[in-house]
Amino acid sequence: MSETDALRGQLSRLLAWRDAHAGIDAAVRGLHPSLRGRVPDGGAHSVWQLLEHIRIAQADILEFCVSRRYKEKKWPDEYWPKSPAPPRPASWGRSLSAYRRDRRALQRLATNRSIDLLAPVPNGTGQTYLREILVVADHTSYHVGQIIATRKLLGAWP
């Protein structure tokens, strides 16, 4: 295995990392639906808002990397849901499914040998594919920690 292949494999695993901390699936597992849209005392967001923000940001970065028609979203309005609660009961599952689908797409991007990880993303201003993959992993990890902290404030963390 070449060093580049090893790096690509590590990047792919980093996007779904669970070795050093909880991943998103563990962070949301078992949360009662009635708590998904609650903002706890002392908290800034509900678990729904954090989950949906993670999904939106990851989808945005994926689109930035792969679509020639990418259009930058307005910060922060288009990156955070307005309501603390999911609009419909099925929204929770759809958000998780979309997050997982886009994560797999980013993992494929990371392992795609035809993409130079150090090349600038065509839509960008110098950002590389490597940088964008690392941003997704870092951003997700940060907000997964917030999901766990929010669940602790709600008294709903194992």
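Guide: A pocket here is an open set of grid points with protein on both sides, and its lining residues have an atom within 4 Å of a point. The model you see is predicted.

Visitor: Which helix gives the most to the lining of the largest pocket?

Guide: Helix α3 does, with five residues. Both α3 and α5 (129–153) supply at least two residues of that lining.

Visitor: What is the volume of the largest pocket, and which residues are closest to its centre?

Guide: The volume is about 440 Å³. The lining has 18 residues, and D60, I61, Y70, Y79 and E132 are the closest to the centre. By class, the lining holds seven nonpolar, six polar and five charged residues.

Visitor: How do I read the length of α3?

Guide: In general, an α-helix has 3.6 residues a turn, so residues three or four places apart point the same way. As for this case, α3 covers residues 47–66 and reaches 29 Å from its first C-alpha to its last, close to the 28 Å expected at 1.5 Å a residue.

Visitor: Is α3 mostly covered or uncovered?

Guide: Mostly covered: 17 of its 20 residues are buried, where buried means under 20% relative accessible area.

Visitor: What about the second largest pocket?

Guide: Its volume is about 200 Å³. Among the 17 residues of its lining, L14, L15, A16, W17 and H21 are the closest to the centre. Helices α2 (24–28), α4 (89–111) and α5 each supply at least two lining residues, and α5 gives the most, with five.

Visitor: How does that lining divide by class?

Guide: The lining of the second largest pocket has nine nonpolar, four polar and four charged residues.

Notes. Residues are numbered from 1 along each chain as its sequence is written. This is a predicted model: local features need pLDDT of at least 70, side-chain atom pairs count only at pLDDT 80 or more; totals for chains, interfaces and linings use all residues. Side-chain values use heavy atoms; hydrogens and water are left out. Helices (H or I, at least four residues) and strands (E, at least two) are DSSP runs, numbered from the N terminus. The expected span of a helix is 1.5 Å times one less than its number of residues. Buried means under 20% relative accessible area, exposed over 50%, partly exposed in between (1.4 Å probe, protein chains only). On a 1 Å grid over the protein atoms alone, a cavity is a set of points where a 1.4 Å probe fits but cannot get out, and a pocket is an open set with protein on both sides within 12 Å along at least five of seven lines; lining residues have an atom within 4 Å of a point. Grid points are joined across faces, edges and corners, and a volume is the space filled by probe spheres set on the points. Ala, Val, Leu, Ile, Met, Phe, Trp, Tyr, Cys and Pro count as nonpolar, Asp, Glu, Lys and Arg as charged, and the others, Gly among them, as polar.
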